Protein chains: 2
Amino acid sequence: MTLYQELAANFERLIQNGSLRVGDRMPSIRTVSKEYGVSKNTVIQAYLVLESRSCIVPRPQAGFFVCGKANQRLPVPDASMPQNHPPDPADDGLIGKVFRNFVNKEITQLSLSVPDESFFPVARLNKCLHKAAQTLSFGGTGYDDIQGNVRLRKNIAKWSFTWSGNLATRDLVTTSGAMHAISLAFMALTKPGTRIGVESPVYFGILQLAKNMGLQVVELPTHPVFGVSPDDIKAAIGKIDICLLVSNFNNPLGSCMPEENKREVVRLLARNGIPLIEDDLYGDVYFGANRPRPCKAFDEEGMVLWCGSVSKTLAPGYRVGWMAPGKYMKDILKLKLFHSVSGTALTQEAIGLFLENDRYERHLRSLRKNLHENSLHFIRTIADHFPEQTKVSRPQGGFVLWVELAKNVDTGKLFDPVLSRGISFAPGRMFTLQNQFHHCLRLNYGLPWTERLEKRLIELGQLLKN
Amino acid sequence: MTLYQELAANFERLIQNGSLRVGDRMPSIRTVSKEYGVSKNTVIQAYLVLESRSCIVPRPQAGFFVCGKANQRLPVPDASMPQNHPPDPADDGLIGKVFRNFVNKEITQLSLSVPDESFFPVARLNKCLHKAAQTLSFGGTGYDDIQGNVRLRKNIAKWSFTWSGNLATRDLVTTSGAMHAISLAFMALTKPGTRIGVESPVYFGILQLAKNMGLQVVELPTHPVFGVSPDDIKAAIGKIDICLLVSNFNNPLGSCMPEENKREVVRLLARNGIPLIEDDLYGDVYFGANRPRPCKAFDEEGMVLWCGSVSKTLAPGYRVGWMAPGKYMKDILKLKLFHSVSGTALTQEAIGLFLENDRYERHLRSLRKNLHENSLHFIRTIADHFPEQTKVSRPQGGFVLWVELAKNVDTGKLFDPVLSRGISFAPGRMFTLQNQFHHCLRLNYGLPWTERLEKRLIELGQLLKN
């Protein structure tokens, strides 16, 4: 246990044995820091852990308060134990089903992994787009630089200071979203049969792409809070050729690898000549005090291909993403040129303009606040209305929850009846190529929290009970 | 020889033996049609052939006139005879070199294959872009339909009437330009080792993509006027698994397959179970009376994957392309989803809006006129100033010329010295994986014709002479 975990456990005991009661104000961060002789940062982290466990809640300008859920909180799911049998003749139909209802506005879309469009700064983006048509020569009609729009790359490089990165404009290449970056990375690093280590569960798009390209997917044990551990990476050495990690707020688990684990994993992989593709598209949507650093921050050998996008924070429809591919830059550029010539300069320039001043940070602050509040609403409602034996993740960022039901439930079979009631969720089986997670599901809490949404969630709980 | 070719040959003899003299007005289309008992269309085609050979020139509202170049016209290059040895350890460095100087505005860019941005309707496109941000919900920030923007698909389908196509909105999927469409088609139809038949020479991007994906490229004999013949396709049956043709104004040859050849090739390939990827991105830039029909027009089995874009006519930087993949739609959609989730709705909607009224046709008319005039300027200047023994293509559309020099010239070696004089061209060796075309080069005439440009072209001729 690290210092902040010990501190959190200590306070949790105080709450459980009644020394701290529901409604009590928690001691201030400064006070705890002095009394326990630890840094303020450690106290903040401990409080965040407590908050994620619904033991305490922050109130703006007033500090943290012990909240009513401490005793009836739901357990967090266990770490996964994927068996890595040959891929199950998977029910890909499931993914198709979920996607077919993707744009249906009648349905309460708990199945997606993107915040609702109402969270996006549409008016400001429109302004940036108009300005982009002016700042680009010939209104952006010409082919762009193959490496991608310079203004965007410059600002992503600048923005990397938020995680103590020191990227330069020339280290980055733009892509049409993060999946396009991953696709280029796969093309550069793999051939059919290449063995790739991934989290389990993990975003189904990654699994389907890997499967489609003939890669051999090795699913790694993954903890819902801490992600993949260095020990599990160590055990996978010799069994994988490349590795892909969603290190910050893995979709669907919400797990975030602790900094020391990231450092160790990067070291282990590099020492064994294994490139690491890091899908860091949720990193800016953190609920804690600081942006978690990506593995890229610890990349000394240029073997981490760091991928990001604004699809989860600003505008998925703009298709603006990027990659810092380290020593693989030359190969990536070649592939980008061969497969798509260049990117869309206009939307890249627009996002570059958006990032240029402090608009992005202001927008993110409000997005994070909204999403964090939503996550707490969701967890509370699930605790009150979902079947007994339900377990639920405690994401410290992102916008999805991972829900584990009783072992005998098959969420794949429940999808159609629930959809017929106007609610869609993502069955757990989508997030693995193995025969597991049938009793799990993923929920998107990136929707405006309304009375209606609460009712739908309660209705979902009741449907799951029957 | 078809009827119009016979007719053209007949008139050519009349010009050569002096019966028709420089400056004479050619008989009207109606007159010839009556006198020879052929359709007006046949006469128009014959005149176009004569025009492409610089025997006659049109004057607006006045008809066709015999022109001064008839006797000193340069020969057209011979049909290619690729040997299909194992790929030559190619000088890929050549392509890199050409691309490195791509955005340098100091250089006279005769190496590109895209019209100059000054030909694009920038102000009107800007208006469409602004409108797109209004017509799309939430300013186009949300993920688009996986198959692509509906307005764009609807208008491409409508536009297919120009080649007697009857595509429906649901037959089309949008892509980020035509190369992205080809990339998806390759992914759907091939695996390493798949044998693909292509024209020789052909756009280097296609060759590099195929090579990169481990395909076995079979280069087919290609005529600079008529493209690949049915006989050569017949001879390739059993040696190729798929086929890719730039049927209308092949880049770099400018060849255009006659309609009857297209019909026969489609039939031959379909009968042998060979899918045809048709790269038809130049088809709208024709100099004749009508848009040449693509092979897709003769596709009864759904085995032609028709690819197009607005990159050569409106805005390469928008990255808007499409594909009508016939019976491979399901596979293509899956791949598009896996590799890039969806496209950029904003630029697709903007182009959809642009196509909605007759703006596009008006723009194309002026673009075609400009490009045709440029091609005649270029051919005349080349005839006057390039070395003896020079041969040059007579494109009936598009914006590139294929120039063949004396056998002992190596254009790859000439690239650097010519570039140092501020002129770039595309060495012929880029357009093949075989050891051929060292004495050829491709020139882009899609630049505003100015005195300065004429001087640069004359300078290029002189450099080639030394």
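**Reading a two-chain model**

Trainee: What is the relative accessible area of Ser164(A)?

Mentor: The value is 48%, so Ser164(A) counts as partly exposed. The cut-off for exposed is over 50%. Keep in mind that this model is predicted.

Trainee: Where does Ser164(A) sit, and what is its phi?

Mentor: Start with the general idea. Most residues other than glycine have a negative phi. Now the case here. Ser164(A) is not a glycine, yet its phi is positive, about 55°. Look for Ser164(A) in the loop between helix H6 (150-159) and strand E4 (173-175) of chain A.

Trainee: What is the phi of Asn84(A)?

Mentor: Phi of Asn84(A) is near 55°, again a positive value in a residue other than glycine. Asn84(A) lies in the loop between strand E2 (63-66) and helix H4 (93-100) of chain A. Its relative accessibility is 30%, so Asn84(A) is partly exposed.

Trainee: Which residues does a cis peptide bond join in chain A, and which in chain B?

Mentor: The general idea first. Most peptide bonds are trans. In chain A, a cis bond joins Asn251(A) and Pro252(A), with omega about 20°. Pro252(A) is in the loop between strand E7 (242-245) and helix H10 (259-271) of chain A. In chain B, a cis bond links Ser200(B) to Pro201(B), with omega about 5°. Pro201(B) is in the loop between strand E5 (195-199) and helix H8 (204-212) of chain B.

Trainee: How many residues make up the largest nonpolar core?

Mentor: That core has 252 residues. Phe186(A), Leu443(A) and Phe186(B) have the most contacts inside it. Helix H7 (residues 178-189) of chain B gives the most to this core, 9 residues.

Trainee: Which residues does Phe186(B) touch?

Mentor: Leave out residues up to four places away in sequence. Then its partners include Ile196(B), Leu209(B), Met213(B) and Ile277(B).

Trainee: How many residues does each chain bring to the contact?

Mentor: Chain A brings 48 residues and chain B brings 48 residues. The area buried between the two chains is about 4,400 Å². Carbon and sulfur atoms give 67% of that area. In chain A, Thr141(A), Tyr143(A) and Phe338(A) lose the most area to chain B, together 17% of what that side buries.

Trainee: How many salt bridges and polar contacts run between chain A and chain B?

Mentor: The polar contacts come to 13 residue pairs. Among the elements on the chain A side, H5(A) supplies the largest share, 6 residues. That side divides into 25 nonpolar, 20 polar and 3 charged residues.

Technical notes:
Residues numbered from 1 in each chain as written. Chains lettered and ligands numbered in written order. Predicted model: local features only at pLDDT ≥ 70, side-chain atom pairs only at ≥ 80, totals over all residues. Heavy atoms only, no water. Core = buried A, V, L, I, M, F, W, Y, C linked by side-chain atoms within 4.5 Å. Buried < 20%, exposed > 50% of the residue type's maximum accessible area, 1.4 Å probe, protein only. Helix = DSSP H or I, 4+ residues; strand = E, 2+ residues; numbered from the N terminus. Contact = heavy atoms within 4.5 Å. Buried area = accessible area lost by both parts, 1.4 Å probe. Polar contact = N/O pair within 3.5 Å; in protein donor to acceptor, adjacent residues only side chain to side chain. Nonpolar A, V, L, I, M, F, W, Y, C, P; charged D, E, K, R; others polar.
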